[in-house]
Amino acid sequence: MGVVTAVRSAAAGLAWYVKGVLGEDAYDKYRAHHESVHGADTAVPCMTAREFWRDQTDRQDVNPQGRCC
Amino acid sequence: MGATSSIPQGATDEPDLTQDPALPPVALDPTIHEAEEARWTPLKIGIWVAIALLGGLSWVMLAVVRGETVNAIWFVFAAICTYLIGYRFYSNYIQKHLLRPDDRRATPAEYKADGKDYAATDRRVLFGHHFAAIAGAGPLVGPVLAAQMGYLPGTIWIIVGVVFAGAVQDYLVLFFSMRRGGRSLGQMARDELGRVGGTAALIATLTIMVIIVAILALVVVNALAESAWGVFSVGMTIPIALFMGCYLRFFRPGKVTEISIIGFVLLIAAIVGGGAIAGTEWGAAMFHIDKLPLAIGIIVYGFVAAILPVWLLLAPRDYLSTFMKIGTIGMLALAIVIVRPEIFVPAVSEFATSGTGPVVSGQLFPFLFVTIACGALSGFHALIASGTTPKLIEKERQTRFIGYGGMLMESFVAIMALVAALSIDRGIYFAMNSSPALTGGTVEGAVTFVNSLGLTGVNLTPEMLTQTAKDVGEASIVSRTGGAPTLSVGLAHIMQQVAGGSGMMAFWYHFAIMFEALFILTAVDAGTRVARFMLQDSLGNFFPKFKDTSWRTGAWLTTGVMVAAWGAVLVMGVTDPLGGINTLFPLFGIANQLLAAIALAVCMAIVAKRGMFKYLWIVAVPLAFAAVVTITASILKIFSSVPSVGYFAQNAAFSKALAAGETSFGTATSVEAMEAVVRNTMVQGILSIIFVTLAVIVIFTALQATWNAWRTHSNATNEDLAVPSRIFAPSGLVATPAEKATQAEWDNRPATGTRKVRGH
């Protein structure tokens, strides 16, 4: 494996990790879950990205999580 | 919820978990794991011998050699080697004998999957999530204050305490909550300890929350009061967070990394700009705020922040704080390894035995163990480990890496904070951490006071204090109690040797202050919200309308009650003629350890009901320790006849002076100040009584549950019913060869409805 490929894969790994820890992949995970459960069933519509992120913070509003000291 | 199921003895782990034959293995047979662990190749033996030798050497350097100075690198090695051994052997022992995770069972993230709250998350990512949620300002502050007793007691407690107590608690609570569908500690307490124990645990949690929020807020007030630079840059985090919130809400939803980077750049700009603004006359005048108005500002802020929607302030600041947390801690670790500061503090100082230290009063036992809570044993983690994390775990065996491993990581943060605090001059340390009541708040007063302590090797000069203040861009560093400013000076001192030289010290100091303030403000805001929901839930039992959390008036009312509660303690700390931090910090530690005792008591009841008495000591030993520490500390706080230790002794001394018509007493110079002391000590004393009573009730009910289980040969459990798993993932940070082979089977199978799993 060349140096360029190694650097590129390390950078991709880092980006994947940062996004994961910050929670940026939440919508992708939701969509993957939705597809695997409901598939093409349109009775349960999949939220759009915008709807999903709104729903996420609204859920946090009614279900607060403590931060540690 | 949670039907009690009794499983016949001998078949404990044998509900029907036959896996779908169409799938590759969802779990490795436990014997494969054991065989892998038992395969001691020469290389593996060599590595572990090296770790053991290096760890042993480091402990010898710290504890036995004790030359004039000790290098900080030994702290790092002693910690890391001990963690590795504790993780590899002790947590493995707990896994094998006590918890017996079964990867054939689906976790809540799998069987309750909704793609939102319950979602299987890569173990390494979840480790980051969990660490960011448990590590806050606590491990940064406690070790700094405990440094007055010398470096050794704190170091031993942080490292040994985490291996046998703190990490065990986190691991157990996480595992038990995961087996119960992610149930909260409060619910588990009710299930395991019954009504009385459960109610006591609930009241204790609520009171503890109030104390913890109040004292964290006190740390921020002490760090920012009379610091125009700090007030400006930390104040700017509010508009920055609002901007980030709107950006994510309206402009680019979900672009979390992008906005975090933008936010970070703005944050740095706010720190740099703060220096420029504090340097101008109007800026210095405008942002120079005294303690009391600043405390009131934080109280108002706390109320507003807790009723604003999450997306506007809390969520964006959370992203920022996670980003800063992981970055800064990594940076500090690297800097300590590069700089390797020499430490001149004695191993054990005279204050460990005399108990007359100016930073926090009391002798090593029990006060060291309550001063350092987070980092060694932190009950608050039980709320996180029974909150979000158990709903995201992919496989049962991963609880060890995330629960036990995550806590080791926090302990390491505490060790680094200790090193940073120890690396600054001891005279400066005491000048910064002695209350204004002792130093008079002036350079001359501080020099006289610190030199009068008669510490060997300490010769503080006024120039040292004025020069350090100038270096860090503050008007004064005298009596900046609370730990945060001391840590920031230490961090600035270390960082400037890596980047920027002494010219950059002011930047690094304010960077560190910002870093801590950010966590604390998030904790204040989130803590108020959680406490409000708990209060609403409890009130709902009497006034059903309160159960409706969308009822605006109820929400505002309960938020107001919680803010008033912690606000009152905060104001009390800020105006305390005796200093504030030194009298209140023990309450914070006692509260936190008490919560740990509650969590461990619940775990003990669970283990006992399962009939696993042979391994009960794993829980019983840390529980006994936490119980002895909190109860002794509380009893001393209530009954000690030494006024600096006992709240009521102090109260009596001041009451007597007032009754005798005196107009000044000790450090209180007016009748009002004396009356304030009488009032404060009464409140603090009553809080101590409440804490110790609740602790005794919870521990007693746990002992009762344990005894009943012993008597009836119980084999009951409140676990959710086992559901066969349909996914596979390795358990530790690095996949073992057998896990890699199985992972390859999963990766190579035709892609029909497979989840994408990234693994190396």
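How many cavities of 30 Å³ or more does the structure hold? In this predicted model, the number is 10. The largest cavity has a volume of about 120 Å³.

Residues of chains A and B line this largest cavity. From chain A come A:Trp53, A:Arg54, A:Gln56 and A:Thr57. From chain B come B:Gly245, B:Leu248, B:Arg249, B:Pro253, B:Gly254, B:Trp311, B:Ala315 and B:Tyr319. The largest share, four residues, comes from H3(A). By class, the lining has six nonpolar residues, four polar and two charged.

Helix packing was then examined in chain B, with helix H28 (residues 671-712) as the point of reference. Helix H8 (residues 185-224) of chain B packs against H28(B) at an angle of about 150°, and the two axes lie 9 Å apart. An angle over 145 degrees counts as roughly antiparallel, so H8(B) is roughly antiparallel to H28(B). Their crossing is left-handed.

On the H8(B) side, the contact is made by B:Glu192, B:Leu193, B:Val196, B:Gly197, B:Ala200, B:Ala201, B:Ile203, B:Ala204, B:Thr207, B:Ile208 and B:Ile211. H28(B) contributes B:Leu687, B:Phe691, B:Leu694, B:Ile697, B:Val698, B:Thr701, B:Ala702 and B:Ala705. Of the residues in this contact, 15 are nonpolar, three are polar and one is charged.

H26(B) passes H28(B) in a left-handed crossing.

From H26(B), the contact involves B:Ala627, B:Ile631, B:Ser634, B:Lys637 and B:Ile638. H28(B) meets them with B:Gly685, B:Ser688, B:Ile689, B:Val692, B:Val696 and B:Ile699. The contact of H26(B) with H28(B) divides into seven nonpolar residues, three polar and one charged.

Terms used: Residues numbered from 1 in each chain as written. Chains lettered and ligands numbered in written order. Predicted model: local features only at pLDDT ≥ 70, side-chain atom pairs only at ≥ 80, totals over all residues. Heavy atoms only, no water. 1 Å grid on protein atoms, 1.4 Å probe; cavity = no way out; pocket = protein on both sides within 12 Å on 5 of 7 lines; lining within 4 Å. Points joined across faces, edges and corners; volume = space filled by probe spheres on them. Helix = DSSP H or I, 4+ residues; strand = E, 2+ residues; numbered from the N terminus. Nonpolar A, V, L, I, M, F, W, Y, C, P; charged D, E, K, R; others polar. Axes fitted to C-alpha atoms, helices over the stretch in contact; angles between N-to-C directions. Parallel < 35°, antiparallel > 145°, perpendicular 65-115°, else oblique. Left-handed = near helix turned anticlockwise from the far one by under 90°. Contact = heavy atoms within 4.5 Å.
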